[in-house]
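Q: I would like a close look at one part of this model. Which residues surround the ligand, and what does the chain look like around that part?

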Amino acid sequence: MRIDIITVVPGLLEGPFAHSILKRAEDKGLAMVRVHNLRDYASGKQKQVDDYAFGGGAGMVMSIEPIAKCIEALKSERDYEEVIYMTPDGQTFDQKMANALSLKGNMIILCGHYKGVDERVRQKFITKEISIGDYVLSGGELAAAVVTDAIIRLIPGVLNDETSALTDSFQDGLLAPPVYTRPADYEGMAVPEVLLSGHQAQIEQWRFEASVRRTKERRPDLLEG
Ligand code: ADE
């Protein structure tokens with residue numbers, strides 16, 4: 001899978017994909033992330049990517065021409081299954097959406113800025129609009145990094161231990177159970193005995209019950225329906 005991210009602040013996306021699991025995914029040839037500076041597709045000396053809103057009002061609007069040029073250049077090189085726009089008025093991102101997107105082919109992610117993009121960009125190019133939550137970020141870049149991370153770690157082969165994505169919080173509709181490592185006793189705080197017992201069936205039962213308990217306490221909404 002290849003993910004092309006279009007942004008006016010490429011510096012914000014330089015870090016996340018060069019490390020850890022995301023870097024390993026790239027090294028293994030399972031996922032590739034490329035960041036494109038929208039300004040490279042702007043014309044004129046100023047390389048302007050935004051303009052005043054028709055009708056007035058505060059804030060600039062991202063223009064359609066440089067975005068169209070960038071998306072069309074990418075599409076001339078390969079096929080894309082989704083063109084995603086990161087925006088607070090999009091569909092709220094969750095694990096279910098991450099699972100679905102991890103099965104897709106190549107994707108373009110457009111990061112919004114200022115007051116957003118000219119509505120005609122959304123009409124002409126965008127196939128999916130995603131919000132990462134009910135709050136407003138200064139731009140779509142950090143949201144794009146969140147979505148990209150959540151998708152890439154689900155691609156088969158990216159995680160060393162295939163079961164570790166399967167046992168994540170939300171993957172089965174429940175929060176993950178508590179986990180422990182050595183020492184078995186830290187200043188009188190003992191690890192639940194069953195986890196030291198070696199009885200795998202009992203351990204799985206304990207984990208399931210602990211997951212249900214934790215979900216009931218912290219996220220009862222997940223258990224509704
Ligand atoms: N851009 C600004 N805020 C955002 C959010 N909450 N989700 C996605 N993109 C955004």
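This is a predicted model: local features need pLDDT of at least 70, side-chain atom pairs count only at pLDDT 80 or more; totals for chains, interfaces and linings use all residues.

**The ligand shell and the sheet**

A: The ligand is surrounded by Met86, Thr87, Pro88, Gly112, Ser131, Ile132, Gly133, Tyr135, Val136, Leu137, Gly140 and Ala143. Residues are numbered from 1 along each chain as its sequence is written.

How confident is the predictor? The mean pLDDT of the protein is 95, and 99% of its residues reach 70 or more. (pLDDT is the predictor's confidence in each residue, from 0 to 100.) The model scores ipTM 0.98 and pTM 0.94.

Now sort the shell by class. Seven of its residues are nonpolar, five are polar and none is charged. Here Ala, Val, Leu, Ile, Met, Phe, Trp, Tyr, Cys and Pro count as nonpolar; Asp, Glu, Lys and Arg count as charged; the others, Gly among them, count as polar.

Which element gives the largest share of the shell? Strand 5 does, with three residues. Helices (H or I, at least four residues) and strands (E, at least two) are DSSP runs, numbered from the N terminus.

Strand 5 covers residues 82-92 and runs parallel to strand 7, joined by five bridges. Two strands pair if DSSP finds at least two bridges between them. Within this pair, Ile84 stands opposite Lys128 of strand 7.

Both strands belong to an open sheet of five strands, in the order 2-1-6-5-7, with parallel pairing. Strand 2 (32-37) and strand 7 (128-131) stand at the edges; each has a single partner strand, so one side of each lacks a neighbour in the sheet. From one strand to the next, the twist averages 30 degrees. (Axes are lines fitted to C-alpha atoms, for helices over the stretch in contact, and angles run from 0 to 180 degrees between N-to-C directions.)

Strand 2 pairs with strand 1 in the parallel sense over six bridges. Thr7 stands opposite Asn37 in strand 2. Strand 1 (residues 2-7) is mostly covered, with five of its six residues buried. Buried means 20 or more other C-beta atoms within 10 Å of the residue's own; exposed means 12 or fewer; partly exposed is in between; C-beta atoms are placed from the backbone.

Definitions and conventions: A residue is near a molecule or strand if its C-beta atom, placed from the backbone, lies within 6 Å of it.
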